Amino acid sequence: MEFFSSLNQTLIDALGPMGPVIVLAGVGITLIVATLPMMLKRRPDPLDRLRASAGLAQVEPRSQRGESKKKLRVAAGSDKLDKYAGFLEPQNEEEMTASRMHLTRAGYRGRNAVRTFHAIQFALGLAMLVLGVAYTVIASATGEISPMQMIMAVLLPACVGYYLPKYWVDSRVKKRTAEIQNGFPDSLDMLLVCVEAGQSLDQGIIRVSKELRGGYPALAEEYETVSHEIKAGKEKSSVLRAFGDRSGVQDVASFVTVMIQSQQFGTSIAEALRVYASEMRDKRVMRAEEAANKIPTKMTLGTMMFTVPPLLIILVGPSVHDMIETFKSIGQ
């Protein structure tokens with residue numbers, strides 16, 4: 001603290017009352033200017049690398065290369081964040097896959113979801129940093145502020161702005177996971193009814209997705225995605241595995257394994273659904289009982305805080321008052 005105080009006094013003597021703020025802003029701008037060009041540097045285009053490896057880069061004219069690139073990126077559209085992809089997206093393939101899966105579990109399925117998420121993180125962090133600097137400038141102009149308070153006023157809002165989108169996504173993942181876990185036994189019962197009525201598994205999934213849209217929209221969306229992927233011609237086993245990965249629920253992953261094994265070995269899908277639906281109902285009852293058994297423990301603290309003190313005041317208060325009055329009379 002003595003070092004910060006002496007440094008603060010030196011800056012004030014050299015640059016005036018706004019000296020520490022000027023130095024802090026200068027350091028921040030210097031870091032941004034120095035690191036931003038490196039962060040905005042784009043990665044090599046995979047299309048160019050494929051052409052170079054195939055030996056086609058010299059044969060194909062530049063105009064055709066531009067047209068082919070444009071055709072391959074029609075689905076991406078004119079994304080304004082495309083030129084910042086090297087900065088806003090993870091460079092590691094594993095980190096990119098994990099980030100995309102995490103956002104998918106939160107319900108954000110766009111192809112540019114990872115880029116948009118990191119852009120929002122960067123923009124909010126920078127905006128809150130600017131607000132912190134503005135607050136520091138106003139506080140320094142109106143009164144004296146210590147260096148530690150100045151650092152906290154600048155860095156704390158920036159950290160809050162940077163981690164706020166992550167907290168939002170994590171809360172969305174928890175909410176959707178809980179919704180899928182609670183609605184999955186009901187969906188299995190409806191799927192069993194559809195299969196026993198003579199429908200195929202694909203038709204039953206489509207029907208269940210329509211019926212669940214009102215009560216469990218997240219689970220209905222997942223079933224609808226499964227039906228669309230099956231209609232598109234993807235292999236059913238890979239579609240079901242992707243469904244288990246997207247949901248993030250262990251019960252769904254186990255159900256996917258049962259369905260794949262039933263398809264491979266030729267066993268009855270209706271019988272597998274009947275057994276597994278019964279197990280899922282039992283698990284849901286067990287989760288409800290577990291939550292109910294936790295209530296007395298959670299209520300103990302509230303009971304101790306709001307019941308015991310008033311009770312002690314009512315029971316012990318008169319005796320304490322009489323003792324105080326007795327001691328006063330003895331002292332007199």
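A residue counts as buried when its relative accessible area is under 20%. By that rule, 28% of the 332 residues of this protein are buried. The model is a predicted one. Its secondary structure consists of 14 helices and 0 strands.

**Overall build**
- Read along the sequence, the pattern is α-α-α-α-α-α-α-α-α-α-α-α-α-α.
- Take the contacts between residues at least 6 apart in sequence: 65% of them join residues at least 24 apart.
- The protein has an accessible surface of about 21,700 Å². Carbon and sulfur atoms account for 64% of that surface.

**Nonpolar cores**
- In soluble globular proteins, nonpolar side chains tend to be buried together.
- The largest nonpolar core here holds 32 residues. Phe184, Leu188, Tyr223, Phe255 and Leu273 touch the most other members.
- Helices α8 (147-196), α9 (201-211), α10 (217-231), α11 (236-247), α12 (250-265) and α13 (269-306) each supply at least two residues of this core.
- Helix α8 gives the largest share, 7 residues.
- Beyond its neighbours within four places in sequence, Leu273 is in contact with Leu188, Leu191, Leu192, Val195, Phe255 and Met259.

- Leu311, Leu312, Ile314, Leu315, Val316, Val320 and Ile324 make a nonpolar surface patch of about 640 Å².
- Leu315, one of these residues, sits in helix α14 (residues 308-331).
- Leu315 counts as exposed because its relative accessibility is 57%, and the cut-off for exposed is over 50%.

Technical notes
Residues are numbered from 1 along each chain as its sequence is written. This is a predicted model: local features need pLDDT of at least 70, side-chain atom pairs count only at pLDDT 80 or more; totals for chains, interfaces and linings use all residues. Side-chain values use heavy atoms; hydrogens and water are left out. Patches are made of residues with over 30% relative accessible area and no salt bridge: like charges are joined within 9 Å, nonpolar side chains (Val, Leu, Ile, Met, Phe, Trp, Tyr) within 5 Å. Accessible areas come from the Shrake-Rupley method with a 1.4 Å probe; for residues, only the protein chains shown count as cover. A salt bridge is a side-chain nitrogen of Lys or Arg within 4 Å of a carboxyl oxygen of Asp or Glu. Helices (H or I, at least four residues) and strands (E, at least two) are DSSP runs, numbered from the N terminus. Buried means under 20% relative accessible area, exposed over 50%, partly exposed in between (1.4 Å probe, protein chains only). A nonpolar core is a set of buried Ala, Val, Leu, Ile, Met, Phe, Trp, Tyr and Cys residues joined through side-chain atoms within 4.5 Å. Contact means heavy atoms within 4.5 Å.
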